[in-house]
Amino acid sequence: MNTPLDVIVMAAGKGTRMKSRLPKVLQRLGGQPLLAHVLGCAQHLQARSAVVITGHGADEVEAAVDAWSHGVAVQFARQMPQLGTGHAVQQAMPHVADDGLTLVLSGDVPLTQPETLRALLSVCAGDALALLTLTLPDPTGYGRIVRNAAGAVQGIVEQKDATPEQRAISEVYSGIMAVPTRWLRPWLAALRNDNAQQEYYLTDVVAMAVAAGVPVRAHTIADAVQVAGINSPAQLADLERAYQRRTADALMADGVRLADPSRLDVRGTLRCGQDVEIDVNCVFEGQVSLGDGVRIGANCVIANATIAAGAVIHPFTHIDGEK
């Protein structure tokens, strides 16, 4: 893609249901903060810049991000008070140039895959507003995608503002969109808060695009895990298992023998040579490399270590190579 890409990450929420002193976007999944997963995705997309919108726990979130290295220039915009998703993106616009595409992500949605976002950007193609959507058997809580008789997207209606007929729609908005910045800026300036929550909804720009004759295109996926947000410890635990299963599947596709893929935890990066065998209940933290023919016994914890080819690690071994 020749057009520069700027990523806006909404990370201002409090996360009340987490019942934690730690800001929600700093809760960990797979050993990394949720926000680190999102910014890592921006790096994979070779984004020109990323603007992280902070609010609750802003000092802590900004300090944490400054300590990471993502290969993408990160700036911060504070949203205080929080007056809705549209208001959040308004705060970021002074940091975004009009010559690029803006991709809007959420700091508590960590498992969106780069290839999915590349497909969304391809749908945007620099001349449309592109929405990432999916169809859910229970769409409760999500904004509904409203289409006309010809199937063209006409708008997004938030749950609290939807009619009974609209609430029956199963296609929902994921919270992720891509749009040429030169169009997004005036749309944001025209947002109003005359709705049930008296907030400035980012989703209202869809109807503005339709009114302006700008194409609105949806890229629809079936994998709900990719757009799942985290609002509670239970949701975090569910997504952790989904992440670990995805990691296990990738390892097995590369030839690693796992005694039980549901009993593996990788909290960092695990690199394996050929003919590696890993027994149950093993935890790998930080940067771990296993050479060819390595065998890891059950219930081992290995952190920041390189295990030489042919080594046998006996059950219940704890290795921590961090200095």
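Helices here are DSSP runs of H or I with at least four residues, strands are runs of E with at least two, and both are numbered from the N terminus.

This is a predicted model, where local features need pLDDT of at least 70, side-chain atom pairs count only at pLDDT 80 or more, and totals for chains, interfaces and linings use all residues. Residues are numbered from 1 along each chain as its sequence is written, and side-chain values use heavy atoms, with hydrogens and water left out.

## The buried face of helix 4

Helix 4 covers residues 114-124, and its buried residues are Pro114, Thr116, Leu117, Leu120, Leu121 and Cys124. Down the helix axis these fall within an arc of 160°, so they line one face of the helix; the arc is taken from the directions from the axis to the C-beta atoms. Buried means under 20% relative accessible area, exposed over 50%, and partly exposed in between (1.4 Å probe, protein chains only).

What do they pack against? Partners of the buried residues include helix 1 (34-44), strand 1 (5-11) and strand 11 (216-221), with contact meaning heavy atoms within 4.5 Å.

## A tryptophan pair in helix 6

Trp183 and Trp187 make a tilted aromatic pair, 6.4 Å centre to centre with 35° between the planes. Rings of Phe, Tyr and Trp (its six-membered ring) pair if their centres lie within 6.5 Å; planes under 30 degrees apart are stacked, over 60 edge-to-face, the rest tilted. The two sit four residues apart in helix 6 (residues 181-189), so about one helical turn separates them.

Trp183 is partly exposed at 22% relative accessible area, while Trp187 is buried at 8%. Arg182 lies over the face of Trp183, 4.6 Å from the ring centre (the rule: NZ of Lys or CZ of Arg within 6 Å of the ring centre and within 35 degrees of the ring normal).
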